[in-house]
Amino acid sequence: MVRAAVIPAPNQPVQVREYPRPKLEEGAALLRTLFSEVCGTDLYLQQGLLSETPYPLIPGHASVGLVEEVRGQVCDTEGRPLLGGEMVTFLDVHGTCGRCWYCLVAKASTRCPHRKVYGITYGADEGLLGGWSQYVYLKPGVRIVRLPESLAPETLIGAGCGLPTALHAVERSDILLGQTVLVQGTGPLGLSAIALTRLRGAYNIIAIGAPERRLQAARRMGADVCLDVEKTSIEERRAAVMDATGGRGVDVAIEASGNPAAIQEGLDLARDNGRYTVVGQYTDHGPVQVNPHTQINKKHLDIRGVWGIDYSHLHRSVLLLERYNDQFHWEELITHTFGLEQANDALAAVRSGQAIKAVITPWGAQAEEV
Ligand SMILES: [Zn+2]
Ligand SMILES: [Zn+2]
């Protein structure tokens, strides 16, 4: 039997359930999970805040582990076959069709209506399709990425889903060398956005977030100025940003907070003819008031949304981890480790903001805090 942590229905505590070990179909593989991430999105899935989610749900959309079993030929994107025993991660997005209007005409595969996501839009009734499980069933067509030998699984999961999502957001933001960038939110997504903005050649990076532990991480990832959202007023933050930008506001603001109130502030802190990229509102926390005249039209502001990732974002994230982890140390973002039985504690640690990154180890029972 395979043990997995399951959200039975919205607003119910996570339970550990047992499932039979799956038989592989042709082209499928079985992953023995070493680590799976606890993401802010998992909190919101537990609260029922994403309309497409089927329950019961095995959460966990970023995972790393060993290939346990392969049926038939399964290759990576370099055409190398997987034989078993390799350390791999995989793209949580599956089923993007490559045939529909969004895939072919709009070239916006993250909006493909056939797209499904492990741990988010595949439910437990469809199989072991989430990472909070001892094994994950990798369906035919799942994009599997080998970890380079120098890349530890802890580093990969420390970066988690935040790094490829931040990569997508930073590229959508078209940051130019020497620009000043504001990152709202210092959770794992915001922290990776700060690191990639640094790599992108920003002149000055301002971070708004909390608590202090996350702001310290923001400094390590490359933020020049950190503003504690819990200890400063909106006027004080505005004064600090204007002070740093000659009274104009930032060239580019990236919202990575998940809090709708951040949108009102971000619209005001981006400069005229600047850019505002919204990536933190993956789940629905309701509307906010915006003044379209002063905050958008008169500002000549460029606003961009970012939905999900495609394979390229994950593939290049693994390369960036191999090349730049000496500079950023993504594994140091992991502050808490939990077994399947402590999944509710894992969610609580993320909810309180005490954890920067919590991970689930489906084969280990011991909770650990660093
Ligand atoms: Zn996530
Ligand atoms: Zn499609």
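Colleague: How many residues of the lining of the largest cavity are nonpolar, how many polar and how many charged?

Modeller: This is a predicted model, in which local features need pLDDT of at least 70 and side-chain atom pairs count only at pLDDT 80 or more, while totals for chains, interfaces and linings use all residues. Residues are numbered from 1 along each chain as its sequence is written, chains are lettered from A and ligands numbered from 1 in the order in which they are written, and side-chain values use heavy atoms, without hydrogens or water. Rolling a probe the size of a water molecule over the atoms shows where empty space is left. Here the lining has 12 nonpolar residues, five polar and one charged (Ala, Val, Leu, Ile, Met, Phe, Trp, Tyr, Cys and Pro count as nonpolar, Asp, Glu, Lys and Arg as charged, the others as polar).

Colleague: What is the volume of the largest cavity, and which elements give two or more residues to its lining?

Modeller: A cavity is a set of points on a 1 Å grid where a 1.4 Å probe fits but cannot get out, and lining residues have an atom within 4 Å of a point. The search finds one cavity of 30 Å³ or more, with a volume of about 130 Å³, the space filled by probe spheres set on the points. Of its 18 lining residues, Ala62, Gly160, Cys161, Pro164 and Leu314 are the closest to the centre. Strand E5 (87-90) and helices H3 (153-159), H4 (162-172) and H10 (311-328) each give two or more residues, and H10 gives the most, with four; helices (at least four residues) and strands (at least two) are DSSP runs.

Colleague: Which domains does the assignment give, and how many salt bridges are counted between them?

Modeller: An automatic or database assignment sets the bounds, giving domain 1 (2-160 + 309-369) and domain 2 (163-305), whose C-alpha centres lie 27 Å apart. Contact means heavy atoms within 4.5 Å, and 30 residues of domain 1 are in contact with 23 residues of domain 2. Two salt bridges are counted between the domains, each a side-chain nitrogen of Lys or Arg within 4 Å of a carboxyl oxygen of Asp or Glu. Arg316 forms a salt bridge with Glu171, their closest N and O atoms being 2.7 Å apart.

Note on methods:
1 Å grid on protein atoms, 1.4 Å probe; cavity = no way out; pocket = protein on both sides within 12 Å on 5 of 7 lines; lining within 4 Å.
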